[in-house]
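Colleague: I have a structure open and would like to go through it with you. Can you put it up?

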Amino acid sequence: MLVVMKAQATAEEVQAVCEHIEQLGFRAHALPGAQRTAIGITGNQGEVDRGNLEELPGVAEVIRVSKPYKLASREVKQEDTIVRFAGTDATIGGRNLAVVAGPCSIESREQAFAIAEQVAASGAQFFRGGAYKPRTSPYAFQGLGLEALHIMAEIRDRFGLRIITEAMDNETLDLVAEWADVIQIGARNMQNFSLLKHAGRLRKPVLLKRGMSATLDEFLMAAEYILSEGNYEVILCERGVRTFADHCRNTLDLSIVPAVQKLSHLPILVDPSHGTGKRDKVLPMARAAIAAGADGILVEVHNQPEKALSDGPQSLYPDQFARMMDEIEQIAPVVGRTLPRGIRIETAAAGAHDGFGK
Ligand code: PEP
Ligand code: MN
């Protein structure tokens, strides 16, 4: 159920409706929009008695949400969600494209800094790197853990890049949330409902990757788990699904981009690295993703991919990443987008200064 407030409803009226909903034993989610505030109701099993609600001051109408995902749906929130990063001009969602670049895993301080310097020079605003790695083999490199989180925090200080890294389990979730700007939940954990609920209780953006065989509904329902706990900053990421096709590691399902955008207000990035598994396929699919309307790209970049401890074959060389940025910058205006080059950091004293962009 959704309570639509009148455009002129006051903050007190919104508050009173939320309290009324909570008194009924449900959860109220106030979602301010450009025109009016909507209040999503979750926790109800059947229909909520709308009689009383419609009488409350400031209420325009009470409507039933037809989709199984409520807070993720455009029925509840029409405007696109834009995730903002305090003190910077970086956003995910909205007109500006977001580019997240970096190695699959943080392997050493030297490796991470070398790559960060190059992706920052090409104008990325976000740096990625695995600290806790979900690996098929227990004998493969599992990540540097806390040491990697510290390295990435240093990278944020040095280059201004905002940090995205994966939390693999509830044990390390709080630690990741403490050090990162965005918590990644990986494909293998897309339906780890306990992890999703815990991430929903944090107040940090979550990048949710599509499960390897997840349908669109399952993907949005996983996002709903996070939203239903009150964390409304969810970013979706298409990273390829398992099919019979074996020319690539996965089949990058770009048609999910317009499909998500029709049903949901949440931003969606595309990961052409895991989506193809092959370096020479990454640039064409990055171009295609932007042309399809994605809100940005998540891509693996390595300075020595032949020596990488994970996902070397799909990692771009830094000069290939620079080319990717130049090309998607040109495609962006065709689809009404802009690619910001570099991040602007507001310093308390000096207003703002440019990051390492061109
Ligand atoms: C990753 O981003 O490094 C990763 C492990 O991705 P996925 O969960 O999509 O496999
Ligand atoms: Mn990887």
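Modeller: What follows covers the domains, the cores and the metal site of this predicted model.

Colleague: Which domains does the assignment give?

Modeller: The domain assignment gives domain 1 (2–63) and domain 2 (83–335). Their centres, taken over C-alpha atoms, are separated by 35 Å.

Colleague: And the largest nonpolar core, which residues touch the most other members?

Modeller: That core has 80 residues, and Phe127, Ile155, Leu208, Leu236, Phe321 and Met324 touch the most other members. Helix H7 (residues 216–228) supplies the largest share, seven residues.

Colleague: Where does this core lie relative to the two domains?

Modeller: It lies between domain 1 (2–63) and domain 2 (83–335), because both give residues to it. There is also a second, separate core of 16 residues, including Phe85, Ile92, Ile235 and Ile345.

Colleague: New topic. What coordinates the manganese ion (ligand 2)?

Modeller: Cys104 (SG), His274 (NE2), Glu300 (OE) and Asp311 (OD) do, at 2.0 to 2.4 Å. The spacing of these donor residues in sequence is C-x169-H-x25-E-x10-D.

Colleague: Where do Glu300 and Asp311 lie?

Modeller: Glu300 is in strand S14 (residues 296–300), while Asp311 is in the loop between S14 and helix H11 (318–331). The pair therefore ties together parts that are eleven residues apart in sequence.

Colleague: Is Glu300 buried or exposed?

Modeller: Glu300 is buried, because its relative accessibility is 0%.

Colleague: And Asp311, buried or exposed?

Modeller: Asp311 has a relative accessible area of 18%, so it is buried too. The cut-off for buried is under 20%.

Methods: Residues are numbered from 1 along each chain as its sequence is written. Chains are lettered from A and ligands numbered from 1 in the order in which they are written. This is a predicted model: local features need pLDDT of at least 70, side-chain atom pairs count only at pLDDT 80 or more; totals for chains, interfaces and linings use all residues. Side-chain values use heavy atoms; hydrogens and water are left out. A nonpolar core is a set of buried Ala, Val, Leu, Ile, Met, Phe, Trp, Tyr and Cys residues joined through side-chain atoms within 4.5 Å. Buried means under 20% relative accessible area, exposed over 50%, partly exposed in between (1.4 Å probe, protein chains only). Helices (H or I, at least four residues) and strands (E, at least two) are DSSP runs, numbered from the N terminus. Domain bounds come from an automatic or database domain assignment. Donors are N, O and S atoms within 2.8 Å of the metal (3.2 Å for Na, K and Ca); water is not among the atoms, so sites may look incomplete.
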